[in-house]
2 protein chains.
Amino acid sequence: MKHVLRIRDRLRVETLDVEEGTSVSEALRALDREAVETPCGGKGLCGKCRILLARGELSAPDERESRLLSAAEIAAGSRLACRARLLGNAEIELAWRGEASIVTAGPSSAFALDPPARRVAVFPTAPKLEDRSDDEARLLSALAGALPPDRAPSRVALAALPGLALAARGGEVEALIAGDEVLGASSRRAGERSLGVGVDIGTTTVLCRLVDLGSGESLGARTELNAQRGYGADVLSRIAASEEGGGLEALRDRIRSQIARMIVDLTLDAGASAEEVASIALAGNTTMLHLLAGVPPGAIARAPFTPAFLAGRAEGAAALGLVSHPGCAAFLLPGVSAYVGADIVAGMAAIRLHESPGNSLYLDLGTNGEMAFGGRDGILCCATAAGPAFEGAGIEKGTGGFEGAIDSVWIEEGSIRYGTIGGRPANGICGSGLIDALAAFLDAGIVDETGRVADADEAGALPPALGALVAQGEDGPRAYLDRKREIYLSQADVRAAQLAKAAIAAGIDTLLLAAGRGLDEVDRLYLAGGFGSLLDVHGATRVGLLPPELADRVLVVGNAAGAGATAACLSRQALEACSRVVSLCKYVELSGRSDFNAAYIERMIFPERG
Amino acid sequence: MKHVLRIRDRLRVETLDVEEGTSVSEALRALDREAVETPCGGKGLCGKCRILLARGELSAPDERESRLLSAAEIAAGSRLACRARLLGNAEIELAWRGEASIVTAGPSSAFALDPPARRVAVFPTAPKLEDRSDDEARLLSALAGALPPDRAPSRVALAALPGLALAARGGEVEALIAGDEVLGASSRRAGERSLGVGVDIGTTTVLCRLVDLGSGESLGARTELNAQRGYGADVLSRIAASEEGGGLEALRDRIRSQIARMIVDLTLDAGASAEEVASIALAGNTTMLHLLAGVPPGAIARAPFTPAFLAGRAEGAAALGLVSHPGCAAFLLPGVSAYVGADIVAGMAAIRLHESPGNSLYLDLGTNGEMAFGGRDGILCCATAAGPAFEGAGIEKGTGGFEGAIDSVWIEEGSIRYGTIGGRPANGICGSGLIDALAAFLDAGIVDETGRVADADEAGALPPALGALVAQGEDGPRAYLDRKREIYLSQADVRAAQLAKAAIAAGIDTLLLAAGRGLDEVDRLYLAGGFGSLLDVHGATRVGLLPPELADRVLVVGNAAGAGATAACLSRQALEACSRVVSLCKYVELSGRSDFNAAYIERMIFPERG
């Protein structure tokens, strides 16, 4: 018996006729593209083939799915394509890579499509000898006639006047409006779209997503290493570099031209033109936004850690060097403090934490582990210095979340297996691979609960397939994932990961203490960030990064900051949600707190084998 | 018996002990500078030694003063220094060159010193670990505490953030506020002043005046030929040049860098720094302001003559390329139409035409003769194409109002004498010299009422001293002012002046017709513009440029546009006055009006000898 499987992604909807009982991943092979990745070969071990069931009948989640997905995720519709079998007609959604559950939250939680900056086409009255109004006055009056009073702009920016002078000669004029200002004006060109870009400027990676402001559709996304990386891997080294002569300008120009180029690339790929981009919303940590704006970030690095600006801003994107045409708005999203920036705010807004009943824990795991706890009645937030291990930096064979990076590791048939991003030959270990590898090495007895890698004697006592993974390097023992390709964790790598996970775990402890709540009172645990989106719950709880008590409440939300920025570009509601989040947030300073220090030391040890 | 003569100008007050009966010009010789010019040697013939009696006793105006000054001017205190004799203690004011009667209007009519953009120094709370406010929030809150609610800014411009980040570390911060925005912020530097610049961008000349925003004092002024002149002498040729490839940018950059350099020069001369300039107010005709803003002015040249913008604008001066530091505002003053621009508006605001009872006629005589008629109940305005003759262009020996230009001509002892600007050797004839020369040639019978220059026969019939001034040139007869220096009016020059004066005179006729008023209902006639400020009433009525009926109601107000721009920089009230003027103005289009055409033809003829 055959059923209909509808497959949606942001670009299209496809339909397949599928024999009952076929697994979704098998069914998807009929598509002319790789819809999901299955590095473990469909055995339910790597957890990389996630899809979302929108409606219809799939088999009940099996034991392997329950191990890799939290109960909350399963309740929200997340499934592994290799395990879920078709029992009737069904509709599934394929995730945007790295933004899985944001998309999967489904239309019920989507923000209303209502871009805060948009092009409005009007016919100003033609210039007439009897009517001596200038172009600016005639445009504003036409817009006042076309828009509700609270949406009609009251002024035209200087940068918009040259375009207006050429356009307002009697035809249709398209005005780009942001707030109460017209930022650009031009003759209406048939077929031209209004495009938006959501940007998340991470210390390590920069994400840009191109969307259609008219339909809300995604037209593509790009992730690149931050072009400032040559100036240091973390926020503090970038700040130090900004204080050298010319450093601030160099850092500013690097990120501006990188984003500008990414936008050109994205529009080219989408068969569009950069001139069609009407709105850019930018999330990023506080330092990244200072550097983008060309504002000295020095005070962020020194107590009392006071940024120059935190409030959201609407600017002309051309003034920020992001585009070269005047008709484009740039929204810098608001932040909470020096170390809880607009990226965290945008992520919380994206998942509507500010409207959630009960208590949610929100973790953005990267170089800094930013976290928040609360909901619609108030949010406590803090930041811990986890170091760059989870971004793949400071790890000997570490790498970012790019093709060829090992991002999942599991034990299969008595040995250790791994998957890579894109299924390419392994070239390093990214953050989620690091956690998975640690978990596997702990389970295999290659690393003990104090973080010590087995010595030659201990390795000899292990089953041969596992013992063979241990070797002595120059600086001590190494635990190998792939001997042929020389990919391993050194003893120092394990220590770095141990410190990082202790910082995160202690931050969670302290935040809950400050809120006077216990783990049983955490209703949801959101994992955000490029690293978080690839993390699987099993590994994270196994190494003690996350409390095992919360394993069934985890929701992986991927690059929520990028999703929030994209939403802010598409929806005034989402932009306002960011401000609402900020107003709910109270910052908890961890440095110097004795309860944090105590928790940090306790959380160094790995949990014993379960 | 000795009296005390107090002498004020914008820079100082000096005191002299003067014997009773001494003329003011003689008394002024005791000063170590040339306080007034007396090219006619103190005979009361050239009218160039005007001063203003502020208080005290001078001799009653004699017949020569009454000929060169209008009754209205005398009533306002204007006198000729060479004729007025000291009868008791007195205080006089020396005029700013070219801005005579604006200054002379005296303190009663001055605008309140209250700059629309100014630096405010506050102590924001020091950054503290407990108080996580960013610099922007702490600055805005300090300003809200220091200023009345309607003056407190609500946002900090992007360009101000870099300076703020460095300044807001615990000391005094100086914020440059314009409207509801902080445009710049820096640490307070001891001894630093807030300076302002009033600018009038004329098609031919550019005036910049530097003032102290704290005291209202003038610190100097510069007038230069507009650096765009190479692109054509009049507005229409500039517009044509702007439509060539790269022309708009070239014209924009020329005027921007010229003003920027003039500001640097002025501040250097005043022992100040360009960084101290906090506010720039710019008047200029509509085309000049379009070019400054980089806005295509093409539509100004073609019916229906619709400019891109007319409303007043507050911008960052750095964005307009006028200064390189962020903490400086630029106010573009508002205009009425394509040909009645911000210069006319600023001029009318400067003399408070919008508050005047009765009916005033306001003339700005330059390449375009702009004029307005009315007062506090409404203003009619229009523009006539007078051509560049009054700016010294299109006249064979014409020149601008610079040193060495002949600017006054009179008949003395049966021959023709002239004075030059600065008393330098004559190098050409400027606009006011052209009118004076025509008047003298008409009185001498060298030019007849149809505008024809005497031929050899007619010259032979004149007294020899006068007949010798006529000679035949290649293109017809010439009327000489100086045979040695070859300075003369050709027949073509007389025709050009005739057309120009007819356009102005016909404009006045039409404006009065449109208002339904007669000449007897004109209470005051203001003469503005560089040309107008040097014009004497005798010559202007003799050639029929001005109706003789209005001779006793003339007030020469000089570069009122420059004075208005300077006032706008110093006083919010003056800036608002510009908007008020615009709202009172109704534009009368002359082209195609049959009453204008009829008047134009009638006004070609010179009046007969009185």
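Trainee: Which strands does helix H14 of chain A lie across, and at about what angle does it run to E24(A)?

Mentor: Keep in mind that this is a predicted model. Helix H14 (residues 491–515) of chain A lies across E23 and E24 of chain A, and its angle to E24(A) is about 65°.

Trainee: What sheet do E23 and E24 of chain A belong to, and in what order do its strands come?

Mentor: The general idea comes before the case. Strands of a sheet pair through backbone hydrogen bonds, either parallel or antiparallel. Here three strands of chain A make an open sheet, ordered E22-E23-E24, with antiparallel pairing. Strand E22 (470–473) and strand E24 (487–490) of chain A have a single partner strand each, so they stand at the edges with one side lacking a neighbour in the sheet. From one strand to the next, the twist averages 40°.

Trainee: How many bridges hold E22(A) to E23(A)?

Mentor: Four bridges, in the antiparallel sense, pair E22(A) with strand E23 (residues 476–482) of chain A. To find one of them on screen, go to A:Gly473, whose bridge partner in E23(A) is A:Gly476.

Trainee: Now chain B. What is the strand order in its six-strand open sheet?

Mentor: Read across, the order is E26-E25-E16-E17-E18-E27 (chain B), and the pairing is mixed. Strand E26 (554–558) and strand E27 (585–587) of chain B are the edge strands, each pairing on one side only. Ignoring direction, neighbouring strands are turned by 20° against each other on average. For a parallel pair, look at strand E25 (residues 524–528) of chain B and E26(B), joined by four bridges. B:Ala528 has B:Gly558 as its bridge partner in E26(B).

Trainee: Which strands does helix H14 of chain B lie across?

Mentor: Helix H14 (residues 491–515) of chain B lies across strand E16 (360–365), strand E17 (368–375) and strand E18 (378–385) of chain B, and runs at about 150° to E18(B).

Trainee: And helix against helix: at roughly what angle do H7 and H8 of chain A cross?

Mentor: Two packed helices are described by the angle between their axes and the distance between the axes. For helix H7 (residues 235–242) and helix H8 (residues 247–269) of chain A, the axes come within 6 Å and cross at roughly 125°. H7(A) and H8(A) are therefore oblique to each other.

Trainee: Which residues meet there?

Mentor: From H7(A), A:Arg238, A:Ala241 and A:Ser242 meet A:Gly247, A:Leu248 and A:Leu251 of H8(A). Sorted by class, that contact has three nonpolar, two polar and one charged residues.

Note on methods
Residues numbered from 1 in each chain as written. Chains lettered and ligands numbered in written order. Predicted model: local features only at pLDDT ≥ 70, side-chain atom pairs only at ≥ 80, totals over all residues. Heavy atoms only, no water. Axes fitted to C-alpha atoms, helices over the stretch in contact; angles between N-to-C directions. Helix = DSSP H or I, 4+ residues; strand = E, 2+ residues; numbered from the N terminus. Parallel < 35°, antiparallel > 145°, perpendicular 65-115°, else oblique. Contact = heavy atoms within 4.5 Å. Nonpolar A, V, L, I, M, F, W, Y, C, P; charged D, E, K, R; others polar. Pairing = 2+ DSSP bridges.
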